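Biologist: I am new to this structure and would like to learn how to read it feature by feature. Could we look at it together, with the general idea before the particular case wherever there is one?

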Amino acid sequence: MKVKENFEIKNLTTYKIGGIVKKVYFPETQSELTELLREHKSALVLGSCSNILFSSNGYDGDIILTTELKQFEIRGTHVFASCGVKGPLLAQKTAEVGLSGFEFMIGFPGSIGGNIYMNAGAHGQCISDSLTRCCLFDRSNCEVVYKGKDELEFSYRRSILQDERYILLHAEFDLKKAPREEIKSLIERNLEFRKNIQPSLANPNAGSVFKNPDNDSAGRLLDKAGVKTFDLPRAKVWDNHANFIVNKGEATSEDILTLMVMMYNAVKKQYTIELKPETIFLGNKTKKEEELWNILYQKTQK
Ligand SMILES: Cc1cc2nc3c(=O)[nH]c(=O)nc-3n(C[C@H](O)[C@H](O)[C@H](O)COP(=O)(O)OP(=O)(O)OC[C@H]3O[C@@H](n4cnc5c(N)ncnc54)[C@H](O)[C@@H]3O)c2cc1C
């Protein structure tokens with residue numbers, strides 16, 4: 001297993017932001033991952049790093065990255081996937097054998113672990129729709145357990161994994177058979193939709209900044225509040241979608257948090273709605289970042 005010390009995490013994140021991490025482990029098998037979880041009780045577990053803002057000031061603890069856990073298997077309509085498998089790959093592979101349910105995953109880089117943690121979704125589909133059960137590591141007693149979909153408390157961008165007790169090892173799904181041409185054209189439609197409004201990863205970003213409030217769209221509220229004009233020297237709101245921030249090249253975590261607070265305040269002022277961040281902030285915080293973080297996250301996230 002690859003282990004890196006004093007590792008700069010920046011290039012592994014889709015924001016291309018993040019400082020030095022004390023130790024990063026890259027397990028290649030489920031048993032290596034469970035062994036690490038037993039030994040490093042407080043290590044952070046990350047997948048594709050596509051929903052996080054990692055601190056430019058680094059992190060003093062250990063990180064386990066699941067990117068080398070790439071095993072998957074398709075048997076009839078059943079799909080088994082390790083936590084590190086990338087969503088777009090699984091969307092392609094299942095489409096090739098005429099299985100529908102993963103078309104939504106084509107356009108964003110999340111791993112199966114991150115997708116289940118976030119209950120990721122798009123275009124009217126989400127990961128919990130086709131999930132049957134998960135194999136989890138229980139950090140409270142270091143045991144491996146199976147949980148059915150009904151036990152995972154799924155709702156919009158929420159699952160039981162966010163309580164930080166369980167780590168996803170692998171997941172099992174049951175997809176629906178459909179004509180390959182239909183699946184392919186849905187995938188193409190989904191990609192086309194994104195291409196028109198969202199930044200590609202050539203403009204480093206971490207997807208939607210804020211969650212949609214009940215019965216509304218964060219993008220719509222942000223747009224109406226005029227945030228598309230927010231442009232800092234190193235980071236800005238994306239021209240075609242008000243709920244995306246892009247790193248212009250050298251942005252720091254403080255730049256992104258500053259912009260997030262500006263966006264949050266604009267919507268709060270105009271609509272008295274307090275948006276909740278979808279992006280997760282991780283790592284060491286400066287005093288200034290602590291203040292910004294408190295405004296954005298204090299009521300929503302540890
Ligand atoms: C261009 C772009 C477009 C996007 N579009 C969408 C979209 O349409 N819909 C959507 O829902 N999201 C979207 N996202 C956001 C992101 O891809 C998803 O939230 C995705 O689910 C995150 O997965 P990840 O592997 O990158 O997780 P990471 O960012 O690595 O981690 C996110 C959280 O999951 C936890 N986690 C990761 N793996 C595990 C595991 N094995 N067990 C337990 N916890 C784990 C981490 O600890 C962390 O708290 C987009 C992102 C980008 C960059």
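Biologist: Into which domains is the protein divided?

Modeller: Please keep in mind from the start that this is a predicted model. The protein is divided into domain 1, spanning 2–65, domain 2, spanning 72–183, and domain 3, spanning 218–297.

Biologist: How many residues of domain 1 are in contact with residues of domain 2?

Modeller: On the general side, the size of an interface is often given as the accessible area lost when the parts come together. Here we can describe the interface by its contacts instead: 12 residues of domain 1 are in contact with 18 residues of domain 2. On the side of domain 1 that touches domain 2, helix α1 (residues 30–39) gives the most, with five residues, and that side divides into three nonpolar, seven polar and two charged residues. The C-alpha centres of these two domains, domain 1 and domain 2, lie 21 Å apart.

Biologist: Why does the ligand shell lie between domain 1 and domain 2?

Modeller: The shell lies between them because domain 1 (2–65) and domain 2 (72–183) both give residues to it. In total, 33 residues surround the ligand, and the closest are G47, G110, G113, G114 and G207.

Biologist: Which element gives the most to that shell, and what classes of residue does the shell have?

Modeller: Helix α3 gives the most, with five residues. The elements that each supply at least two residues are β3 (44–46), α3 (112–118), β9 (121–122) and β13 (166–174). By class, the shell has 18 nonpolar and 15 polar residues, and no charged residues.

Biologist: How should I read the strands, and in which sense do β2 and β5 pair, parallel or antiparallel?

Modeller: As a general idea, in a regular strand the side chains alternate between the two faces of the sheet. In this structure, β2 (residues 20–26) and β5 (residues 59–65) pair in the parallel sense over four bridges; within that pairing, K23 stands opposite D62, while V24 has I63 as its bridge partner in β5. Strand β5 also runs parallel to β3, to which three bridges join it, and there the partner of L44 is again I63. By contrast, β1 (residues 2–8) and β2 pair in the antiparallel sense over six bridges, with V3 standing opposite Y25 in β2.

Biologist: How many residues has the largest nonpolar core, and which have the most contacts inside it?

Modeller: In soluble globular proteins, nonpolar side chains tend to be buried together. The largest nonpolar core of this model has 85 residues, and those with the most contacts inside it are L168, I256 and M263. Helix α6 (residues 253–271) gives the most to this core, with eight residues. If we leave aside the neighbours of I256 within four places in sequence, I256 is in contact with I17, L53, A235, I245 and A251.

Biologist: Is L282 buried or exposed?

Modeller: L282, which lies in strand β17 (residues 280–282), has 21 other C-beta atoms within 10 Å and is therefore buried, since a residue counts as buried when 20 or more such atoms lie within that distance. Not counting residues up to four places away in sequence, L282 touches L44, I52, F54, S55 and Y59. The C-alpha atoms of L282 and E68, which are 214 residues apart along the chain, are separated by 21 Å.

Methods. Residues numbered from 1 in each chain as written. Predicted model: local features only at pLDDT ≥ 70, side-chain atom pairs only at ≥ 80, totals over all residues. Near = placed C-beta within 6 Å. Nonpolar A, V, L, I, M, F, W, Y, C, P; charged D, E, K, R; others polar. Domains from an automatic or database assignment. Pairing = 2+ DSSP bridges. Core = buried A, V, L, I, M, F, W, Y, C linked by C-beta atoms within 7 Å. Buried ≥ 20, exposed ≤ 12 C-beta atoms within 10 Å, placed from the backbone. Contact = placed C-beta atoms within 7 Å.
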